[in-house]
Amino acid sequence: MAQALRAGASGCLGKDVTAGTLLAGIRTVASGEALLSPTATRTLITRFLTTPAAGTQLASPERLSDLTDREREVMALAAEGKSNTEIAEHLTLSPLTIRTHIHRAMTKLAARDRAQLVVIAYQTGLVRATPPRS
């Protein structure tokens, strides 16, 4: 999976998903969105970032300097695997507002999708990788 993320994968689901969830996931990725289940986000991103590809350097935190405080906050919550709805509830905002913050952060960071935005959050140190719970 780490190789798939490095190669630009935009989605990840666990092997225990139902056929309906899988189909919905395919439609989500096909529409240009990224799909990372919360568990997959925590597990895969942690593993991905603790073993970067040879010669890969982590991004400088200055890369985030064009983001507003709210965009950084929303980006960090997304990197923790929270959905737009969960972030909206946490921050007492609408899911549409969260989507706007995510989109603006992606635009400012030239991220092609939410998955890449999550990777940038970890690479810049906005969010720290923690070992998955056993």
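Colleague: At what angle do the axes of helix α5 and α6 cross?

Modeller: This is a predicted model. In it, the two axes cross at roughly 110 degrees and come within 8 Å. Angles of 65 to 115 degrees count as roughly perpendicular, so α5 is roughly perpendicular to α6.

Colleague: Which residues in α5 and α6 meet?

Modeller: From α5 (residues 84-91), the residues are Asn84, Thr85, Ile87, Ala88 and Leu91. They meet Pro95, Ile98, Arg99 and Ile102 in α6. By class, that contact has 6 nonpolar, 2 polar and 1 charged residues.

Colleague: Now histidine 101. Which helix is histidine 101 found in?

Modeller: Helix α6, which covers residues 95-109.

Colleague: Is histidine 101 buried or exposed?

Modeller: Buried: the relative accessible area of histidine 101 is 13%, and the cut-off for buried is under 20%.

Colleague: And what is histidine 101 in contact with, leaving aside neighbours within four places in sequence?

Modeller: Arg70, Glu71 and Val74.

Colleague: Zooming out, how many helices and strands does the protein chain have?

Modeller: There are 7 helices and 2 strands. Along the sequence the pattern reads α-β-α-β-α-α-α-α-α.

Colleague: What percentage of the residues count as buried?

Modeller: 37% of the 134 residues in the protein chain. The chain exposes about 8000 Å², and carbon and sulfur atoms supply 53% of that area.

Colleague: Last one. Among contacts between residues at least 6 apart in sequence, what percentage join residues at least 24 apart?

Modeller: For the protein chain, 65% of those contacts do.

Methods
Residues numbered from 1 in each chain as written. Predicted model: local features only at pLDDT ≥ 70, side-chain atom pairs only at ≥ 80, totals over all residues. Heavy atoms only, no water. Helix = DSSP H or I, 4+ residues; strand = E, 2+ residues; numbered from the N terminus. Buried < 20%, exposed > 50% of the residue type's maximum accessible area, 1.4 Å probe, protein only. Contact = heavy atoms within 4.5 Å. Areas by Shrake-Rupley, 256 points an atom, 1.4 Å probe, with all protein chains shown as cover. Axes fitted to C-alpha atoms, helices over the stretch in contact; angles between N-to-C directions. Parallel < 35°, antiparallel > 145°, perpendicular 65-115°, else oblique. Nonpolar A, V, L, I, M, F, W, Y, C, P; charged D, E, K, R; others polar.
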